[in-house]
Every structure is written in C-alpha cells, then in structure tokens.
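Here's a quick briefing to read alongside the model. Take a look at the structure first, then work through the points below.

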Amino acid sequence: MFIMAADIVYVALFPQLVAAVYLDYANTYGSLLGFLVAVMLRLASGEATLNLAPLARYGVLHDDTLGHLFPYRTFAMLMSLTVISLTSLVARWLFVGKRVPLHLDVFSCYSSEQLTEQVLTFVEPESMQSQTL
C-alpha cells in the first residue's frame with residue numbers, strides 16, 4: 001500500500017507542487033483538471049498489486065510477463081503538468097482578457113481588483129518605454 005501511495009503522490013501531487021511553486025499563472029482550473037488527468041492515466045495503466053489489468057498499452061513497450069516497459073508513471077506526471085499549465089493559461093486568457101464574464105469564475109480565482117492589477121502589469125512595460133523615448 002505504501003508503494004501505491006508514493007505512486008499517487010508522484011503522479012498526481014508532484015505536478016501540483018511544481019505548478020504552485022514555479023508557475024505564477026497556475027490556478028484551480030488547471031489544478032483540478034491536471035489531477036483528474038493524472039489519476040485517469042495512472043488507473044488506465046493498471047496495477048499488479050491491486051490486480052487491475054491495464055486498459056492502456058503504450059505501444060510495443062508492453063510485455064505480458066514483465067508488464068509495462070514504458071515509463072507510464074512519468075508520462076502521467078508530465079501530462080498532468082502539461083494540462084495544469086495549458087488549462088491555467090486558457091483560464092487566465094479567458095478571465096483576464098474579459099472574454100468570459102467574471103461571474104462565471106466558479107472557483108473565485110480572479111476578482112475585479114486582481115483583473116485590474118493584472119491588466120495594468122500587461123500594459124505598463126509598453127507604456128513606460130514609449131514615455132521614456
């Protein structure tokens with residue numbers, strides 16, 4: 001059971017930690033979708049200790065006696081990190097760009113004060129350069 005817990009931490013929680021520490025645009029939308037993708041990919045790969053047969057076979061890198069020869073845990077972790085990043089960027093683009101009304105932000109990731117602040121940070125560098133020239 002300890003190995004399965006460590007597996008879930010590596011596949012599902014490690015990308016969450018990396019995104020929270022290093023990606024300033026990461027938000028709840030990306031986090032939730034990344035977690036779901038990680039868990040689905042990991043469960044689809046099967047687990048011998050729980051007698052779960054693999055639903056996904058990763059190409060020719062699967063042997064019936066040895067099991068997966070493909071690094072499926074790392075693949076699930078990297079896909080989770082990718083989904084967190086892309087979904088967070090899309091959510092930011094939608095809400096900060098005012099393409100979607102703020103009342104549809106069900107996780108309250110953005111407030112009107114944050115939107116004003118983030119829009120100003122996008123505009124400031126260009127306006128400062130044109131003023132100094």
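**How the helices pack**

Helix 1 and helix 3 pack with their axes 9 Å apart, at an angle of about 30°. That angle is under 35 degrees, so helix 1 runs roughly parallel to helix 3. Keep in mind that this is a predicted model. The points below start with that pair, move on to the other helix pairs, and finish with the salt bridges.

**Helix 1 with helix 3**

- Helix 1 passes helix 3 in a right-handed crossing.
- On the helix 1 side, the contact is made by Asp7, Tyr10, Val11, Phe14, Pro15, Gln16, Val18 and Ala19.
- Helix 3 brings Arg73, Thr74, Ala76, Met77, Ser80, Leu81 and Ile84 to that contact.
- Sorted by class, the contact of helix 1 with helix 3 has 10 nonpolar, three polar and two charged residues.

**Helix 1 with helix 2**

- Here the axes of helix 1 and helix 2 come within 9 Å and cross at roughly 160°.
- Because of that angle, helix 1 is roughly antiparallel to helix 2.
- The crossing of helix 1 past helix 2 is right-handed.
- From helix 1, Asp7, Ile8, Val11, Ala12, Leu13 and Gln16 take part, and they meet Ser31, Gly34, Phe35, Ala38, Val39 and Arg42 in helix 2.
- The residues in the contact of helix 1 with helix 2 split into seven nonpolar, three polar and two charged.

**Helix 2 with helix 3**

- The axes of helix 2 and helix 3 come within 7 Å, crossing at roughly 155°.
- That makes helix 2 roughly antiparallel to helix 3.
- Once again you'll find a right-handed crossing where helix 2 passes helix 3.
- Helix 2 contributes Tyr29, Gly30, Ser31, Leu33, Gly34, Phe35, Val37, Ala38, Leu41 and Arg42 to the contact.
- By class, the contact of helix 2 with helix 3 counts 14 nonpolar, six polar and two charged residues.

**Salt bridges**

- How many salt bridges does a search of the whole structure find? It finds three.
- One of them pairs Asp7 with Arg42, and the closest N and O atoms are 2.5 Å apart.
- That pair links distant parts of the chain, with Asp7 in helix 1 (residues 2-22) and Arg42 in helix 2 (residues 28-44), 35 residues apart.
- Arg73 also forms a salt bridge with Asp7, where the closest N and O atoms are 3.1 Å apart.
- Distant parts of the chain are linked here too: Arg73 is in helix 3 (residues 72-96) and Asp7 in helix 1, 66 residues apart.
- The side chains of Glu47 and Arg42 meet in a salt bridge as well, at 2.3 Å from N to O.
- Through shared partners, the salt bridges join Asp7, Arg42, Glu47 and Arg73 into one network.

**Buried or exposed?**

- Asp7 has a relative accessible area of 5%, so Asp7 counts as buried.
- Arg42 is buried too, because its relative accessible area is 2%.
- Glu47 has a relative accessible area of 10%, which means Glu47 is buried.
- Arg73 sits at 31% relative accessibility, so Arg73 counts as partly exposed.

Conventions:
Residues are numbered from 1 along each chain as its sequence is written. This is a predicted model: local features need pLDDT of at least 70, side-chain atom pairs count only at pLDDT 80 or more; totals for chains, interfaces and linings use all residues. Side-chain values use heavy atoms; hydrogens and water are left out. A salt bridge is a side-chain nitrogen of Lys or Arg within 4 Å of a carboxyl oxygen of Asp or Glu. Helices (H or I, at least four residues) and strands (E, at least two) are DSSP runs, numbered from the N terminus. Buried means under 20% relative accessible area, exposed over 50%, partly exposed in between (1.4 Å probe, protein chains only). Axes are lines fitted to C-alpha atoms, for helices over the stretch in contact, and angles run from 0 to 180 degrees between N-to-C directions. Angles under 35 degrees count as roughly parallel, over 145 as roughly antiparallel, 65 to 115 as roughly perpendicular and the rest as oblique. A crossing is left-handed if the near helix is turned anticlockwise from the far one by less than a right angle, and right-handed if clockwise. Contact means heavy atoms within 4.5 Å. Ala, Val, Leu, Ile, Met, Phe, Trp, Tyr, Cys and Pro count as nonpolar, Asp, Glu, Lys and Arg as charged, and the others, Gly among them, as polar.
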